[in-house]
Amino acid sequence: MAYVALADQGQKLSHPHSFFTKYIYSQDHKVIAIQYGLVAISVGLVALVLSGIMRLQLGFPDTFSFINPDQYLQFVTLHGMIMVIYLLTALFLGGFGNYLIPLMVGARDMVFPYMNMLSFWVYLVSVIILMTSFFVPGGPTGAGWTLYPPQAIMQGTPGVDWGIVLMLVSLAVFIIAFTMGGLNYVTTVLQARTNGMTLMRMPLSVWGIFTATVLGLLAFPALLVSAIMMLLDRLLGTSFFMPAIVSMGEQTSYDGGSPILFQHLFWFFGHPEVYIVALPAFGIVSDLLSTHARKNIFGYRMMVWAIVAIGGLSFIVWAHHMYVSGMNPYFGFFFATTTLIIAVPTAIKVYNWVLTLWRGNIHFTVPMMFAIAFIFTFTHGGLTGIFLGNVVVDLPLSDTYFVIAHFHMVMGVSPILVVFGAIYHWFPKMTGKMFNNRLGYIHFWGTFLGTYAIYLPMHYLGFLGVPRRYFAYEGIEFIPESAQTLNAGITVAALFVAAMQIIFLINIVWSLFKGKPSGGNPWNATSLEWQTPETPPVHGNWGPKLPQVYRWAYDYSVPGASRDFIPQDQPPDGPGDGDGPDIEPKDEDVTMSAS
Amino acid sequence: MTAILLFIVIAVVGSYWWLWRHRITEKPWATVGVTVDHEDSSRFLPPGKIGLLFFLAVVTSLFALFVSAYFIRMGLADWIPQKEPGLLWFNTFMLVLGSVAIQWASYSADHNDPKTTRYALLATGLFTGAFIVGQLWAWQGLVDQGLYMYSNPSLAFFYLFTGVHGLHIIGGLWVWCRTTLHAWSGAQMFEIRLSVELCKTYWHYLLLIWIGIFGLLLST
């Protein structure tokens, strides 16, 4: 009874009356989700433009006078940081987490709606602080997204006066925002599930977002600690990370600090961060594949166990980012081993996705195309990860374009494909309108083939030894002329992919106004968010009565059922139910749900 | 990184154990029908308690990371051990009294005694405020001796630990402030019982963290 009251916290919901409280200063999880999504995508577009400028320089050096070496480094840094933190983390957890969790577990809202709203506004502040760094003297920091000391705060690195300070402050503010949101997501999943929604009946999207949030809550403090200590080194002259060092011919006041300490702290956050982005993508892609293949997800339990196993293991692999830091070889051996072990649950997931498709009734809808494409790009990026996880292979490839290609495939392209798939999948629920299919397919093929045209050749550049983060490669003997031709080709592909995203934006805006009405459940999906009484769902989500859940989220093509899907809230032996083993409700249970 | 790894191992093993207890081995495709989590008593807890539990995990992670950084930095060549100001003993005593007072407030709220609850809450604020003032005083004492954050690495960590812990206390005082104002404006006990209890947990936990930090500083 108590938890029914928790899920059904009607008395706690704030009921907005004006436009301002309904759409701007809103405590509704759906509005907050869309606010998070819009800000994340906007700032992501800035990062996309930055990467375009970088590619122009690399593809056609000495052509564009408006790009100088300092700016190049600044664009590299901001591109990386924005994409990883301010776009992907914010979009998956703040955006999809906010939208999907209450709808998928059958709650009316997050359990702390006010804190949820605060989370968005604080996130917006962190984005504004970061964007401000473009307009301060010296511009944003050019330290690389990893912000390694000592160079990050030494004269000679762009943005050393203001840029690095704003970057660190912005990160600290972002972490505060994330913590407020994260406490909400975790508590809502644990406390506000509707009647019958046991943990093992939750869709894998919720499992992925939930586990990623727990990882974030435990790992982001490491970034906060490194940001605080580096700020103190920069502003108050402490020597946490700064060794004795001569700068511009003069001995600095720093003494005795350890740059390696920063690397440990940074990657203690940085590696779980990969999974903070990947686990929600894993979860969402599982749901997309199952829904559009009209087949239950293969090995649901294994999928859940793999998510939580990856979550735990992700904390003991961080030093594989530091093989070139001069660590003890036994240390390297340990981290290489754990890195290979984490490939096992990850591989289980990939096999299960493929086996879900096997003999499924595959509908090649736009979201499904993105989901299938994800299997390709993720497998590709995962395999190169096994190369780099081994110390002896990593050493020669470290800081080359092979690494760039690897992590863009595995945590750039793959999650972004899932983001697009998810937006196309849930757009009808969010807006009540269907998107334009033709534009969707053009966007898909352009993005999928285009990103391959960008990153496949980069592996080859990496084998040649072309180093990352260089402004220009003139006069480097071991790099052949042909590498430049390849670079020009990559740039053309990158600009093409960027242009493709305009089609996506046009599709979204056009469909919002002119799209055909979608109805409540256009994909014939089983999970709860598709069963809301109204589409788009109104404030409070469920009308007068919360849904009662009777089954898991993957009853597709059940033998003997009249339809090829059975919604989670459909009682046993209801219309269209199959011949699965049913459990009769006991008297006490009925009393419980009725009260 | 031993301190943080130890915490992560405890957190991960604890989570796995919890999941195991909550039927993560169940075959959901085979159980159609009404089920109620009878054994899942945690779902009957107020969300505030679960939210606080996770927040304390975040706080623990933060301090475990600072402590890990402390140990690594301490192993480097230029480390000079620093004597802690004697005033910290007095401050610790104040924080202990704060914890006792909030325990008293929570006990009184549970036993529907509004008057005692109000005064106990007030006492909590006074003792905790005294702790904060005492900490600032200790800082002032060091500054008077010309010992700044940049003077040497152990001092840097001293300011860092006390500063971060102090900020957490101040955050707690903000919640305390709201609860106390509520209590003094004539709220019924059932309205503030949960807030007082959450404050109690937070106070005890931050006391524990302080004792850990203080012990660490004294012993190194």
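Hi everyone, a word on conventions before we look around. Residues are numbered from 1 along each chain as its sequence is written, and chains are lettered from A and ligands numbered from 1 in the order in which they are written. Because this is a predicted model, local features need pLDDT of at least 70 and side-chain atom pairs count only at pLDDT 80 or more, while totals for chains, interfaces and linings use all residues.

Let's start where the chains meet. Chain A brings 56 residues to the contact and chain B brings 46, where two residues are in contact if their C-beta atoms, placed from the backbone, lie within 7 Å. On the chain A side, α7(A) gives the most, with eight residues. Helices here are DSSP runs of H or I with at least four residues, strands are runs of E with at least two, and both are numbered from the N terminus. By class, that side of chain A has 34 nonpolar, 15 polar and seven charged residues. For those classes, Ala, Val, Leu, Ile, Met, Phe, Trp, Tyr, Cys and Pro count as nonpolar, Asp, Glu, Lys and Arg as charged, and the others, Gly among them, as polar.

Now chain B by itself. It has six helices and one strand, in the order α-β-α-α-α-α-α from the N terminus. Its C-alpha trace spans about 70 × 45 × 20 Å along the principal axes. Of its 220 residues, 35% count as buried. Buried means 20 or more other C-beta atoms within 10 Å of a residue's own, exposed means 12 or fewer, and partly exposed is in between, with C-beta atoms placed from the backbone.

Back to chain A for two helix pairs. Helix α14 (residues 437-464) and helix α15 (residues 481-514) of chain A pack at about 155° with their axes 8 Å apart. Axes are lines fitted to C-alpha atoms, for helices over the stretch in contact, and angles run from 0 to 180 degrees between N-to-C directions. So α14(A) is roughly antiparallel to α15(A), a term for angles over 145 degrees. Their contact holds 20 nonpolar, eight polar and no charged residues. For α6(A) and α7(A), the axes come within 8 Å and cross at roughly 155°, which makes α6(A) roughly antiparallel to α7(A) as well. Here the contact has 22 nonpolar, four polar and one charged residues.

Which residues touch the most other members of the largest nonpolar core? They are A:V206, A:V285, A:F370 and B:F66, out of 238 residues. Such a core is a set of buried Ala, Val, Leu, Ile, Met, Phe, Trp, Tyr and Cys residues joined through C-beta atoms within 7 Å. Among the residues that A:F370 touches are A:L417, A:Y424 and A:F444.

Last, some backbone details. Most residues other than glycine have a negative phi, and most peptide bonds are trans. The bond from A:P149 to A:P150 is cis, with omega near 0°, and A:P150 lies in the loop between α5 and α6 of chain A. A:T535 to A:P536 is also cis, with omega near -10°.

Buried or exposed: where does A:N541 fall? A:N541 has a positive phi of about 65°, and counts as buried because it has 23 C-beta neighbours inside 10 Å. B:N112 has a positive phi near 50°, but counts as exposed because it has 11 such neighbours. Thanks, everyone!

Key. Parallel < 35°, antiparallel > 145°, perpendicular 65-115°, else oblique. Lists of a residue's contacts leave out its neighbours within four places in sequence.
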